[in-house]
Amino acid sequence: MKIRFTLALMLLVTILKAQNPKLENALLKNLKLLKEAESTEQVQAATNGFERIAESEKGEWLAQYYAGYSNILIGMRQESNAKKDEFYDRALGYINKADELSAKNSEVYVLKSWVLGMKIGVDPVNRGQSLGPESGMLISKAVELNPENPRAYYMRGQSAMYTPEQFGGGKAVALKFLETAVEKYKTFKPSSPAMPDWGEKRAQEVLEQCKKM
Amino acid sequence: MQTHSEIMKKIVLLLFLTASITSLYAQVTISGIVSDDKGAVLPGSNVYIKGGYDGSTSAADGSYTFTTDEKGEVTVVVSLLGFESQEKKITVGSEKIALNFKLREKANELNTVTISAGSFEASDEKKIVMLRPLDIVTTAGAAGDIYGALQTLPGTQQVGETEGLFVRGGDAREAKTFIDGVLVDNPYFTSVPDVPQRSRFSPFLFKGTYFSTGGYSAQYGQAMSSALILESQDMPKTTTTNIGIMSVGGGIGHVHKFKNSSVGANINYFNLSPYFALSKQNRDWHTDPQGGDASVTYRQKIAKNGLLKFFVNTATSKLSVDYNDIENPEPESRYRFSLKNKNVFTAASYKDIIANKYTLQVASAYSVNHDDLMVDVNDIEKNNSLYQNRIVISRLVKDLSIIRVGGEYQHAEIDDRFTIYKRNYLTDFGSAFAEGDIYITRKLMSRAGVRVERSGALDEMNVAPRISLAYKTGSYSQFSMAYGQFYQEPDYHFVQQQEGLKFEQADHYILNFQTVSDKQTFRVEGYYKIYNNLTLTEPQINNEGEGYSRGIDIFWRDKKTLKYTDYWISYSYLDTKRKYLDFPEKVTPTFAANHTVSVVYKRWFTKQRLSLGFTYAFATGRPYNDPNKNSFMSEHTKSYHNLSINSSKLMMIGKHFTVLVFSIDNVLGVKNIYTYRYSSDGLRRQTVGPEANRFYFIGLFISIGEDKTE
């Protein structure tokens, strides 16, 4: 009884937190900016917006989450490996904060696995062995924690695409995950408008790419 | 009409009112320009009011503008990746505010100088270093041994007849190994005549390797030539199990990660019998080398920044080998050398940040080594133990400068027994040091320190100053120089026999230029070393020995020119002479070659997940003494050549990452001669060369993670 009450209270708190309208509006406004952004400068402006929210809302995992997410996007647009790494490290800082604020969150694990994958890409020879297992473990856990999360399958599939067959990757494995991802995207509804809802279009593109492999 | 004008009036009034109300509650615009300290504009900066969402991003011309509803005193923050954030307090009234910022670049490896004279560093954490820990493991000819890999760096000698680092004209005793600050008494397996021994510690235990060929920090002492500073791994990232199956043995290890701690255990066994049965050896083994070790590691995070590390390793090994007895004129006369060894090394260390200002590092270690030897008919026993404590407190001063103070205490005991003759040796050793890394500007820094040591066995104290200076000449290049005094106790055999001995001593002068980017490294270093008070054994044990070393070390590494290829070339020129031990005059010692070259090459085939590599080592002949010649140490061996190759392939066995490693040492089968040994009457001589002309190694390493990959 007591446990059930605590659970209900926790749920209520979570809902109330998610309903902080000022935060939600600000996140939605920035998500729109990010969606419309074309140039690196525009992505940077949206990223800065997320960072402002994250700095002001230090107790909100979602604010930290988006600051991390947008820093990955901007890191991917960098030319030099050193710059990429700086942005990924900055992203990782926010993602770790999100992880602290919201433990065992499938969405946060997806993001962390992704950024570690990007960091491996900067220096595969030296980082593959140390970061590879951690990234793999995180994405497996992301699927486990929420089997309905399409992003977990999408990232799982994308990483399988770049992993040779003999290492548990390859086209067949990638296809399976990407198809599941596209399927799950169709039914996925974020619990509130500002909750993570990215990747559907890109997952379809990656699936098409994978089919042509 | 009247109505009309009245309406107009009302409208005007309303407009006026609205305007005044708006001005009363109006949003205030804050704008300005963000630039760096040299005036170049900085686009992309995030300018905002602390604690709120209001803010903006600076445009291509560095200008920003935003409005805020906030009133009164607020803090405006500017942040930009790679720059130090800045805050300014302003009062927001009703007026527009103009606010410019000049940001300072964060100190990084491109704009800030670091000490480089005499040092080679391998680290995963720093962005730009000369070596990565993985480079050590994948170097051909090194056989996964840290010391083997270090021998491909300039300043070291290719000495094959015994283990140890011979650095810049110094002998192996002058190079010491430290793990997390504590001295490792027996870093190698116990010495066997003419058979070099491997390191006791796997390179995978360490996250950082810092190899100094001279002029090193006041934090370390009792090494006249070189310090190898190893930093053990922190908390592991995942739970894993590792299995190794090798042509010379096998091992299994498991490390379990908990939320704030980790526990690991390792067991290894080696036995060269199967290998020796297949591959002919130059030596006559009676008991093939065999043994095992077990270790436990423990890591515990304490509070926010504290980390406790504990490591214990216990090992046992045995071997016996028959040698030709050179002293016996009877041909084919032999004697047997048998060794049984037990070794325990235990270290605990703790690191924390205290009062947000001080970094505290304490370490404690205890090691004990037991050798049971039988040489011909003589029964020999040697026990040595070392207990030590160490503390270092450091403090960051003004962003970059660091002050360190610390001290250490060691208590060593050695018990020797030669047949019925017993000897006992006890010493207490203490030291204190203070050192500062002082940044005058980001481009110019100095490390100045002093080390005070006291040896109980010698009943003597020394004061050793050390100073280095480094100046950055470009993003990747810098000059540095170092001077230092280094003391060392004479070998305990001599201290035991002769009272009144003093510390042996060396002065180092080093001049270095290097340019290091993440793809290419060039480094040239010149040095001059003066040795004083070296131990002489003739006519009786005294401290009258002396010597010098001078030379040039060149290092070039390139990962850029050839795709998927990494290669490095080391060249060392060494001119050294010394009078020590039983030398009648100042000569070049047996362990010093004038010219040494190493070429290390590694190539990755990403599709095949395969790496191929080779190491070629060359050294000009080394001196040896032929007692039949008139002058001492006048002869030279022929030059040394060794080409080693290695290959590793990444595979999956089931769901587990597996690496298959294959290597051949001395592929060409060159019959190298390390030195010649003469009987005391000079009538007979022995050639000292490698154990086998070629050495083959094959190993399979399986890593089992907790990843539930389908």
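## Exercises on a predicted helical chain

In this predicted model, helix 5 of chain A passes helix 6 of chain A in a left-handed crossing, left-handed being the case in which the near helix is turned anticlockwise from the far one by less than a right angle. Local features need pLDDT of at least 70, side-chain atom pairs count only at pLDDT 80 or more, and totals for chains, interfaces and linings use all residues. Residues are numbered from 1 along each chain as its sequence is written.

**Exercise 1.** Determine how helix 5 of chain A and helix 6 of chain A are oriented to each other.

*Solution.* Take helix 5 (residues 81–101) and helix 6 (residues 106–122), where helices are DSSP runs of H or I with at least four residues. They pack at an angle of about 160°, with axes 10 Å apart, axes being lines fitted to C-alpha atoms over the stretch in contact and angles running from 0 to 180 degrees between N-to-C directions. The two helices are therefore roughly antiparallel, a class that takes angles over 145 degrees.

**Exercise 2.** State which residue classes make up the contact of helix 5 of chain A with helix 6 of chain A.

*Solution.* The contact residues divide into ten nonpolar, one polar and five charged, with Ala, Val, Leu, Ile, Met, Phe, Trp, Tyr, Cys and Pro counted as nonpolar, Asp, Glu, Lys and Arg as charged, and the others, Gly among them, as polar.

**Exercise 3.** Describe the extent of chain A along its principal axes.

*Solution.* The C-alpha trace of chain A spans about 50 × 45 × 30 Å.

Conventions
Chains are lettered from A and ligands numbered from 1 in the order in which they are written. Angles under 35 degrees count as roughly parallel, over 145 as roughly antiparallel, 65 to 115 as roughly perpendicular and the rest as oblique.
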